[in-house]
Each structure stands twice: as structure tokens, then as C-alpha cells.
Amino acid sequence: MSWESIAPLLREGLLETLGMILPASLISYLIGMPLGVLLVITKKDSILPRPKFNAVLGAVVNFLRSIPFVILIAMLFPVTRFVMGTTLGTRASVFPLVISAAPYVARIVESSLLEVDRGVVEAAQAMGSTTWQIIYKVLLPEALPSLINGAANSVTTILAYTAMVSAVGGGGLGATAITKGLNRGRKFYPLMYAASALLVLMVQLINVTGSRLTKRLDHRIR
Amino acid sequence: MSAAAPLIEIRDLKKVYTNAGGEVVALNGISLSIGRGEIYGIIGMSGAGKSTLIRCLNRLDTPTSGTVLIDGQDVLRMDKRTLLQTRRKVSMIFQQFNLLMQRTVAGNVRYPLELAGVPRKQADERVRELLQIVDLGDKHDSYPVQLSGGQRQRVAIARALASDPEVLLCDEATSALDPMTTQSILALLQDINRRLGITIVLITHEMAVIRQVCTRVAILDGGSIAEEGTVDDVFIHTRSVAGKRLFGILANEDEPEENADIPALRVIFDSADIGRPVISSLIRKFQIDVNILAADVKRVGGKQYGQMLIEAPADENLKRQIIDDLTRQGLKVKEVYPK
């Protein structure tokens, strides 16, 4: 295969991939972030103790996280069809991506918020902060560097998931590598390698950006 | 010192923790009155319950039973809204400072003003004022990580003062600081108490802290108050065992004895009222050399406390005579043998 024939296919795959990870990441955070906050503040010794609620939420999150993504996609077919109108294509794959990534994001956010010193939260309580003020003035800003780092990991994970979406007719760089590359025989292997290399490059980019941002935003570093 | 109506009144406060091992009684019926304008010290060994006690005053900890009145208001039974308002009038500083690490010094001090809804411009002015009070005017834009421990505690104090509190609770506020820094923080607290009329309640395990700044003191032991009174009174006429042990004036008789590698006599001065020097009289009376192996004796209020380890004579008869002589003088003597 010549570069001239690979390039447009790569471009198409890249755009499809971006078309999946951007909305999927965004929606996963819109759902996962509040869930992560809830997981933290409803713990037994935290600022809004609701141990039963916490246990149920934790169980749901764990359940969704423990189902292999490929199986989850298949299980969700009927729901996906109902919500998105179709089960094929990049648009449809955003739904299972979110269902799988939101609980992951919730755990990542949870672990970032748990890093915030208990004493600082206590000081905020002693100053008469409301629960909501502690969340947006203490927990989130104090955990910001770690949240950014976590976001880089989450997006990377979502990117890895998008590659699997191709297995069920999703599209994106994963599909470029498998259906347009691997499955069409030796002649098309260069396309598979090129698409994979592009995926690797994207992961690197996300992680480098994430860790640079983390460092720059962290005022605990002198 | 205590005014007619105390600012803080604690009545029969109990706190029982339930854990896997059963019930732990942290506070066992504490009653205290703290007057307006006082610097009230609560001292005790670790595990005595002092941290639990101070945390019950602003309901960071919920007691099992009892009453806490601040300015006549029942802290433990007030609704959430009133509690938040009360907490703004009862500030707190901590051993580990507990500053927001992602905010500048100014941002930290501004925090309580944000809670109170003070307009930004007015808040900024107040922040500068507060930083002047704690002598950190030049650290306005620094981050806590760039400050020393003492400076961090000053920021915490400025932050605590921002809401114009009536009470400042200090939870081991100097325990993480070196002695010099402790001095300057204590001086600052005293200054705040005098100039701003803020009542201070502090807990500590260091007797020097109490002695230096407090007007009154309560000694906490095993969740109960062992004794309470003005600092002078409690120090000079220490009555409780906990107090004596805390001030290091009660010989600890269970102390491990590995420091005696030769046969020795442990002479215990427990509030002994002796006018003359014990050791030199021993030397004269028995015509012997007295080898002092270790000594830790303090004079408090004209009495001697502590203990001394002296080499025992090889002659068994002489040793008996010495023990008899010291015992007659009101000292306790124990024979110590190397292991």
C-alpha cells in the first residue's frame, strides 16, 4: 500500500475516533464526576455520611466496571438502539462508551478527592462551610492536579475502548486497523501498523499533556 | 478571672466510641466553665481525651451526651444553619495547620470572608489587615508550601481571625513547631487575646505552653478532669496524680531499670519536704563516697520531686544503714539490681 492510499483512510479513522472520544469523555465526566464526589462525601466519616447509599452506589459502579467492554456493548444493543436509534456507527458507540467509562471516571475522581487531606476538610467544616462549599471550594480545587492527571488516564482508557468498538461495527482508528487492515490480508498490513502507531501517538500526547498540566497546576510543588 | 456568666459552659460531657473491640470511653462526664477573655488550657497525656473534648466544642465530634453552651446557645442541639453560624464565631487552629495547599496565603485568609459573603474588594482589604496582624504582610501571594511551619500557623491564625470570632480553639497548635517558633506563636496568641479580647481554649501536652500563656488550666486524665484551677494554683499545689506525673514531679516507679548496670539504690523524692542536702549528709554521716548514677529532681513550690539513682555500697550492712537513714528522712528507697 502506498502512503497516498493510507493517508485518507487514516484521516477518516482519526476523525471518527475523535468523534467518539470527545463526546464520550465529556458525557462520562458529566456523569462520573458527580458520582465520584458522591462516593467520597457519603462515606462513613466524610462530610455527608450516607453509608447505605454509598454501598449501593459503590456496588453499581463495581458491577458496571467488571463487565468486559466487548460484552457490555453486545448486552447494551437493545438499549443503544432505543437511545441512539441505531447500533451501528460512531454515533451509536458513544452510548456504550459512556456506560462503561462513567463508572471508571467515578472511581478515578473518587481516588483523586480522597487524596485531599482530611484535616483541610475539617478546617473548612470548622469555619462553617456548607457541604456544597466544601465540595467546590475545597475538595475540587485541592484535588485539581490529581483530577487532571486522572482525566488523562480516563481519556486514554476511553481511547482504548473506541478501538474495541470497531469489533461491533463502530468505526474509528481501531476499525481502520482491523477491518480495513488486518482482515484484508497481508497487503493491507501497513494500514494496520499506521493506524496502531497513530493510536499510540495519541495516547502519548494525552499523557504528556496531562502530566505537564498536572505539574503546572500543582502549587504543592515549590 | 471567670466572669459572672461564662462564655463557654460544658456540662457532664460524655463521649463513647464503639469499635470492633467494644466501647471506648473518651470523655467521662466533663464539666467546665470558661470565662470571657480567658486563655484556658486543657492539658493531658495523649489519649486523655483532650482532642475529643475540644472537637466537641464546635461539634466536629458529636458527644454521646451532655451539654455545651457557647454564649448561652446549646451547640449540640442547634440546627445545622445555626451551627454553621456559630462555627464562624468559634474559630479553630490545628497542629497540622490545615491550610488549603492550592490557594495562596491571601486566598486562605480570604476563605472565611467568602463564606460570609464579604464583597471581594472589602475582603482583600481585610486580608491585608489580617496578614499585618500576624506579621506576614510580605507573604500575600506565596503558597503554603513555600512557608515554614511557624509561618503556616500564622496564616492559619489570620484565617481564624477573619470571621471576627469570639473564641479561638487551638488543637495542639504548637506541637508541630520547634521551641523558638512555639514561643513566637504563643506570644501572638497572647497578643490576640489582649488586643482583640478573643477567648482562647487551647489543648496541649506541654506544660510549658500552659505555664506561659494560660490563665486557667484543667488537667485531663482518662476522660475525666483530674484537677482544675488557676495556673499558679495547679502548678504549685498539684494534687492529682495525673498532674504530678504530667509535670514530671512524680517519680515514675515502674520505670525500666536497665540504666543500673551495678547494684544501686533508687531514692525517690515524692513531695519530700527536706531542708538539708541529702547526699552530702550521707557522705559525712557514713564517711563514704556517693556515686550518683542518674538524677532527675525538681523543686516545685519548695518541695522536691523526682528520683536519684546512687551506687549501692558493696557492704550489705552499710547498705541497710543507708536505706534506714534515708527512709527516716521521708524518702522512699528501692534496691535496684542489674539484669
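**View 1. Pairing of β6(B) with strand β7 (residues 167-171) of chain B in the predicted model.** The two strands run in the parallel sense and pair over five bridges (strands are DSSP E runs of at least two residues, helices H or I runs of at least four, numbered from the N terminus; pairing requires at least two DSSP bridges). B:C170 in β7(B) is the bridge partner of B:I93. This is a predicted model, in which local features need pLDDT of at least 70 and side-chain atom pairs count only at pLDDT 80 or more, while totals for chains, interfaces and linings use all residues. Residues are numbered from 1 along each chain as written, chains are lettered from A in the order written, and side-chain values use heavy atoms, without hydrogens and water.

View 2. Five of the five residues of β6(B) are buried, so the strand is largely enclosed by the rest of the structure (buried: under 20% relative accessible area, 1.4 Å probe, protein chains only). B:V90, B:M92 and B:F94 cover one side, B:S91 and B:I93 the other.

**View 3. Interface of chain B with chain A.** In contact are 24 residues of chain B and 25 of chain A (heavy atoms within 4.5 Å). The buried area is about 2,200 Å², 54% of it from carbon and sulfur atoms (accessible area lost on being put together, 1.4 Å probe, summed over both parts). B:Q102, B:Y111 and B:V145 lose the most area in chain B, together 29% of what that side buries.

**View 4. Salt bridge between B:E114 and A:K137.** The closest N and O atoms of this pair are 2.5 Å apart (salt bridge: Lys or Arg side-chain nitrogen within 4 Å of an Asp or Glu carboxyl oxygen). Two salt bridges are counted between chain B and chain A.

Technical notes
Buried area = accessible area lost by both parts, 1.4 Å probe. Buried < 20%, exposed > 50% of the residue type's maximum accessible area, 1.4 Å probe, protein only.
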